[in-house]
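Subject: Structure for your review

Dear colleague,

Here is the structure I said I would hand over. My notes on it follow below.

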Amino acid sequence: MMRICISIAEKTLDEALAASRRAAEKSPDLIEVRIDYIHPLPDDLMKFKEIAVPKIATLRPPSQGGEFMGSDREKSILLRKALRAGFKVIDIESDSPLLSRAPNEFRDAELICSSHDLHLTPETSRIIEILIENAAKGDVSKAAFKVNSIHDVLSIVEAAMIFSSTDNEFVLIGMGELGGLTRACAGRMKCSFAYASLEPGKETAPGQLDFDTVKRLGDSPIITGIIGFPLGHSVSPQMHNAAFLSLDIPGLYLPIPTRDEELEGLLDLSLELNMMGFNVTIPHKEKIVPLLDKLDDTASKTKAVNTVVILEGEMTGMNTDVYGVAKTFEKAEMRVKGKRVLVIGAGGAARACIYFLTSAGARTSLVNRTRFRADVLADDFPGVQVIEKDDAERLPFDVIVNCTPLGMRGFPDESPISNQVFREGQFVFDTVYNPRITRFLADAQGRGAVIQSGQEMLVQQAIKAFEAWTGKSPSYEVMSEAARGAIG
Ligand code: NAP
């Protein structure tokens, strides 16, 4: 069973003590006190003696991500004071001259020999060499690297898998947003322990998870996430993590920024980490299709995947946006059979909408900025008529759907169509979910239409993906509340 260490980094001795007491109440296996963060450096550490949990004393220099500016001699004195104050473990950097004196100076202490690269991750073979070198100098071999790409995460995971076949105690960490994957999978990577923050907002290193989350995840968590680039707009992590928490499932949903050239590496990584699957967003929804083993009906008809499920190494693509659209119409009690529907846009969202609309018997017209793209889409869905914007603005429609990003936060605050198209009693649906009321919806409402925001679709597609990964139904209220909270 992997141990959990709460890392404390406070600016004063009193704050560090108070945080260590609160940490001890959570009964972690270890508490690390980042003494280098305490200013001025404490003369006396005896007050830590009352904290019964085994403690690690760390005095990290700036070159390795810490704030300790003193000499080796000062460091040695402080570490010995820490041992007298009941600290059991000391962390010394692999390039420190103190290491050679450690067997004499810190005789009774357990020694972590650590390396940190704040800029990059070396290749797998070099990571293993570093772990071997550190293992020769200490009881626990620790290495942390800044991960800048999916390839870096893969190098770390591979190195951990190989090094774990030795009997050495080790900790291997990827730092940064992508590094969250290595922290969530520390147990799976066979790390001896995982560092965690006391609570969210108290991280001592980028990408660190909080204690309660690490404890809930355990050694074999359900890891999911969202791949795409960029991912700043996504509220899916908040929705899915709220669902995991409310169902007390040991699961975590992480943003996994993935560039075009990293897509295949990401698939390898997801298998290596035994992930349950992931969501897919711009720009990979279509590109991922040929890389998967199987597609369900929604994905093969729309030629777009927003959810991948991994079962025994087999990757199946689904398009839960289709379900999201269907549920949106169902909840609004809007039956589209025989209705004249206008879809604006010809991307992935439009494909999901048109799949639902044509299956449900709607008479669907399509308008798009780029005519060619609309023609390609219509070829895949017989019966869909491509029309020009001028015609769209003159024809009477029962339902109008916006599938362009216009009106979304970060995009032009415009409606994709003139408000002449709206009329009393029409059903007008915007797939955009942030903000809830876009200019398109406000125009429609102003002319007496019944309006529907994309937030319902957002929550429904997430529910379907969550069910596919876990086999459990999340609460609609929990997910929509989390989405509303994240959108603001
Ligand atoms: P996409 O594949 O990039 O397609 C975007 C479509 O919008 C294309 O047809 C594009 O026209 C058109 N477009 C883009 N900018 C435009 C502009 N300035 N004026 C007119 N048309 C423009 O994107 P997508 O995946 O379909 O996503 C579109 C939107 O759907 C997203 O922004 C999101 O708000 C929404 N969405 C919502 C959910 C949900 O759960 N609520 C799920 C998925 C998507 P061209 O072909 O001419 O480039």
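Gln208 touches Ser7, Arg183, Tyr195, Ala196, Ser197, Lys202 and Glu203, leaving aside residues up to four places away in sequence; contact here means heavy atoms within 4.5 Å. Gln208 sits in the loop between β8 and α7 (211-217), where helices (H or I, at least four residues) and strands (E, at least two) are DSSP runs numbered from the N terminus. Gln208 is buried, at a relative accessible area of 6%. Buried stands for under 20% relative accessible area, exposed for over 50%, and partly exposed for what is in between (1.4 Å probe, protein chains only). A polar atom of the Gln208 side chain lies 2.9 Å from the backbone nitrogen of Thr204. A polar contact is a pair of N or O atoms within 3.5 Å; within protein, one must be able to donate a hydrogen and the other to accept it, and residues adjacent in sequence count only if both atoms are side-chain atoms.

On provenance: this is a predicted model, in which local features need pLDDT of at least 70 and side-chain atom pairs count only at pLDDT 80 or more, while totals for chains, interfaces and linings use all residues. Residues are numbered from 1 along each chain as its sequence is written, and side-chain values use heavy atoms, with hydrogens and water left out.

Next, the backbone. Most residues other than glycine have a negative phi, and most peptide bonds are trans. The bond from Phe229 to Pro230 is cis, with omega near -5°, and Pro230 belongs to the loop between β9 (222-228) and α8 (236-246). The bond from Ile282 to Pro283 is also cis, with omega near 10°; Pro283 is in the loop between β11 (277-280) and β12 (294-295). Lys190 has a positive phi, near 70°. Lys190 is placed in the loop between α6 (180-184) and β8 (193-197) and is exposed, with a relative accessible area of 53%. Asp248 has a positive phi as well, near 55°. The loop between α8 and β10 (251-257) holds Asp248, which is exposed at 60% relative accessible area.

As for the interior, a nonpolar core is a set of buried Ala, Val, Leu, Ile, Met, Phe, Trp, Tyr and Cys residues joined through side-chain atoms within 4.5 Å. The largest has 86 residues, of which Leu172, Leu181, Ile256, Phe278, Ile288 and Val308 touch the most other members. Helix α5 (residues 150-163) gives the most to this core, 8 residues. Domain 1 (3-220) and domain 2 (225-319 + 468-487) each supply at least three residues to this core; the domain bounds come from an automatic or database domain assignment. Ile288 touches Ile227, Leu263, Leu267, Phe278, Val280, Val305 and Val308, again not counting residues up to four places away in sequence. Apart from this core lies another, of 29 residues, including Ala350, Ala352, Ala374 and Val401.

Last, the ligand. It is surrounded by 23 residues, the closest being Ala346, Ala349, Asn368, Thr370 and Thr431; a residue counts if one of its heavy atoms lies within 4 Å. A backbone N or O atom of Ala346 is 2.7 Å from a ligand oxygen atom, and a backbone N or O atom of Thr431 is 2.9 Å from a ligand nitrogen atom. A polar backbone atom of Leu458 is 3.3 Å from an oxygen atom of the ligand. The protein covers 81% of the 920 Å² of accessible area that the ligand has on its own, by the Shrake-Rupley method with a 1.4 Å probe; for residues, only the protein chains shown count as cover.

Regards
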